[in-house]
Amino acid sequence: MKEYQTITEISGPLVFAEVDEPIGYDEIVEIETPTGDTLRGQVLESSDGLVSIQVFEGTEGINRESSVRFLGETMKMPVTEDLLGRVLDGSGQPIDGGPEIVPDRRDDIIGAAINPYAREYPEEFIQTGVSAIDGMNTLVRGQKLPIFSASGLPHNDLALQIARQASVLEDEEDGEESEFAVVFGAMGITAEEANEFMEDFERTGALERSVVFMNLADDPAVERTVTPRLALTTAEYLAFEKDYHVLVILTDMTNYCEALREIGAAREEVPGRRGYPGYMYTDLAQLYERAGRIEGRDGSVTQIPILTMPGDDDTHPIPDLTGYITEGQIYIDRDLNSQGIQPPINPLPSLSRLMDDGIGEGLTRADHSGVSDQMYAAYAQGEDLRDLVNIVGREALSERDNQYLDFADQFETEFLDQGFNTNRSIEETLTIGWDLLSMLPKEELNRIDEEFIEEYYPEEQAEEVAAD
């Protein structure tokens, strides 16, 4: 192992050093400062005679007298089933006061791409306990379904609720329980948010089945670029080696992309849209595409990345590119939040592209698709009528229109608004859906099969509504 004292330049989180041998891309580096501190870094760019190194702990204390050692290997994550219940920092070091990690093995954090031929199509339901997701935008095993939020909205509360409540419904005929685990990767969050996360995890017992990675706002931005990769490497090991169904929650992807932009600026790269690197699409795809199922393996990796849209703008590069790569999105709505609805998920712009394959007989319930479609159509019609009421007044509307307006109000207060501590089964969600649909005459239910209307339509409540 050669040691160099050839640092030529320090720029932001980057260190440039001269070398006299080929250095591998992504190789791990140790930099020893004159005071004896050892900092870790990674080779970002390697050319003849010069390498650029991104330093995970920041470049404070590094000068031309510092020594640079190239370790000849890429960054690896020590993985073991004993990681469950542990809290690690953004670079994978334990911060919970527990014992040192004794790994089964050390896996490369870049991960191996899943062979498309070996991928299994995601089609098994994951119950989050949140009606707006389970009923209207269902999550399935192996899917990547981001949450689009904005500054000041309670996306962290929703993330904790999903981490706490998520479970897989087992086929009763098998009688076997699948292990379910959560890998939680936090990037650039405040100390206050970190404390809230940890209090909730410990209070509810969710920590026992979770691995938590914490990169705080005052941690180096460069560390943010490895945190999601460490989290996903851990998830892949638990899923494909230990047969867990793993839900990976990554928050906040906007902070991750800001770190990419900061590093790109330090490297003096030609910026792309709004100053973000031109390769950001590729970089995000490398993370998101690590979700999925593999043929012959019982486990799965499901991703819920959370991002805050700058300026509430869904055409911003971060949500825009995320939408291209992932299979839908869950929108958190500012207007619903101002009305006190928890969680304030707006189902109209939300979408789960794999929902149709993960619901129905044998998965959730045979009437699920029809109920979802009918509620979506009725709520959309009620929303349109609200705009009309502002112009002509409610008295000018027909009785049928007034029924749709009432439906929209009740849909928000009874279906969407359930609080962050209520865990609803899919049966409860669909029952609430049918109670709401009984506000409408049977002839309006044109998206549900007749047999399901006969079986589930609550006649007594419908008669009361008709009498009123």
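Are Tyr4 and Phe70 buried or exposed? In this predicted model, both residues are buried, that is, under 20% relative accessible area with a 1.4 Å probe and protein chains only. Residues are numbered from 1 along each chain as its sequence is written, and side-chain values use heavy atoms, without hydrogens and water.

Eight aromatic pairs were counted, a pair being two rings of Phe, Tyr or Trp (its six-membered ring) with centres within 6.5 Å; planes under 30 degrees apart are stacked, over 60 edge-to-face and the rest tilted. The ring centres of Tyr4 and Phe70 are 5.7 Å apart and the planes lie at 75°, so this pair is edge-to-face. It joins distant parts of the chain, with Tyr4 in strand S1 (residues 3-4) and Phe70 in strand S7 (residues 67-74), 66 residues apart; strands are DSSP runs (E, at least two residues) and helices likewise (H or I, at least four), numbered from the N terminus.

By contrast, Phe411 and Phe415 are stacked, at 5.1 Å centre to centre and 15° between the planes. Because these residues are four apart in helix H12 (residues 399-416), about one helical turn separates Phe411 from Phe415. Phe411 and Phe415 are both buried, and together with Tyr379 and Phe407 they form one aromatic cluster.

Elsewhere, Arg261 lies over the face of Tyr276, 4.3 Å from the ring centre; the criterion is NZ of Lys or CZ of Arg within 6 Å of the centre and within 35 degrees of the ring normal.

Key: This is a predicted model: local features need pLDDT of at least 70, side-chain atom pairs count only at pLDDT 80 or more; totals for chains, interfaces and linings use all residues. Buried means under 20% relative accessible area, exposed over 50%, partly exposed in between (1.4 Å probe, protein chains only).
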